[in-house]
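Me: I have a structure open and I'd like to go through it with you. Can we take it piece by piece?

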Amino acid sequence: MTDFFEKTGNFGLNKIKRRNLLPWWMKLFCWVVTVNAFFLILLMLLSLVQGEAVILGMYQLRFEIVNFKSPVVVLGNLSMLFKVVVAYMFWFEKGRAISYGKIDVLISIIFYSILIVDCLINSGVIRIPLEGLLLIPYYFWLHKNEYPWINQEQEYIV
């Protein structure tokens, strides 16, 4: 007579999909960033031809035509390209995605700080981007799910 667990083979440690750990807003973030990446690459190529740069809004679908030599534009576009890498890592369940996500939060905070100071110097008005507030739940999610993401083997009862 065979044992129940020998028949099912579902006893002990089983791997869960890391993508199941992602909340709906993180999945949406991955897709929005991927679509933005397509436009970002096209607009960066277009800006090389025309001499003017286009900067994408970080979390909004907002385009602004600015001077190509502006360091804020370069930092914004590089920050967006890094977000593409992080979104790719989350979507394809890479092990170091949480670490890169924390670096992404740090880069975004630095970029938003530079954006606030630049806006204050150029226009004399303090403009705080509201999309920067999305970094708070993003960081807390990263911190909360770091252990299950890295150690994806979890024991559960059959």
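Me: What percentage of the residues in the chain is buried?
Reply: Buried residues make up 32% of the chain, which has 158 residues. Keep in mind that this is a predicted model.

Me: How confident is the prediction, on average over the chain?
Reply: The mean pLDDT of the chain is 76, and 73% of the residues score at least 70.

Me: Where is confidence lowest, and where is it highest?
Reply: Strand S4, residues 153–155, is lowest with a mean of 50. Helix H5, residues 135–144, is highest at 90.

Me: How many helices and strands are there?
Reply: The chain has six helices and four strands. Starting at the N terminus, the order is α-β-α-β-β-α-α-α-α-β.

Me: Let's look at H4. How many residues does it have, and how far does it reach?
Reply: H4 covers residues 97–123, so to speak 27 residues in a row, and spans 37 Å from its first C-alpha to its last. That is close to the 39 Å expected at 1.5 Å a residue.

Me: Which residues in H4 are buried?
Reply: Ala97, Ile98, Gly101, Asp104, Val105, Ser108, Phe111, Tyr112 and Leu115 are buried there.

Me: What follows H4?
Reply: Glycine 124 does, and its phi is positive, near 80 degrees. Glutamate 93 also has a positive phi, about 55 degrees, although it is not a glycine. That glutamate 93 sits in the loop between helix H3, residues 71–91, and H4.

Me: On to H3, then. Is phenylalanine 82 buried or exposed?
Reply: Phenylalanine 82, which lies in helix H3, has a relative accessible area of 18%, so it counts as buried. The cut-off for buried is under 20%.

Me: Which residues does phenylalanine 82 touch, apart from its neighbours within four places in sequence?
Reply: Phenylalanine 82 is in contact with Tyr100, Ile103, Asp104 and Ile107. One of these, Asp104, is on the list of buried residues in H4.

Me: Different topic. Which residues form the nonpolar patch on the surface?
Reply: The patch is formed by Leu130, Leu133, Ile136, Tyr139 and Phe140, which together have about 550 Å² of accessible area. Leucine 133 is in the loop between H4 and H5. With a relative accessible area of 51%, leucine 133 is exposed, because exposed means over 50%.

Me: What about asparagine 145, buried or exposed?
Reply: Asparagine 145 has 9% relative accessibility, so it counts as buried. It is found in the loop between H5 and helix H6, residues 146–150. Asparagine 145 and leucine 22 are 123 residues apart along the chain, and their C-alpha atoms are separated by 9.0 Å.

Me: Last one: how much accessible surface does the chain have?
Reply: It comes to about 10300 Å², and 68% of that belongs to carbon and sulfur atoms.

Key:
Residues numbered from 1 in each chain as written. Predicted model: local features only at pLDDT ≥ 70, side-chain atom pairs only at ≥ 80, totals over all residues. Heavy atoms only, no water. Helix = DSSP H or I, 4+ residues; strand = E, 2+ residues; numbered from the N terminus. Expected span 1.5 Å × (residues − 1). Buried < 20%, exposed > 50% of the residue type's maximum accessible area, 1.4 Å probe, protein only. Areas by Shrake-Rupley, 256 points an atom, 1.4 Å probe, with all protein chains shown as cover. Contact = heavy atoms within 4.5 Å. pLDDT = per-residue confidence, 0-100. Patch = residues over 30% accessible without salt bridge, like charges linked within 9 Å, V, L, I, M, F, W, Y side chains within 5 Å. Salt bridge = Lys/Arg side-chain N within 4 Å of Asp/Glu carboxyl O.
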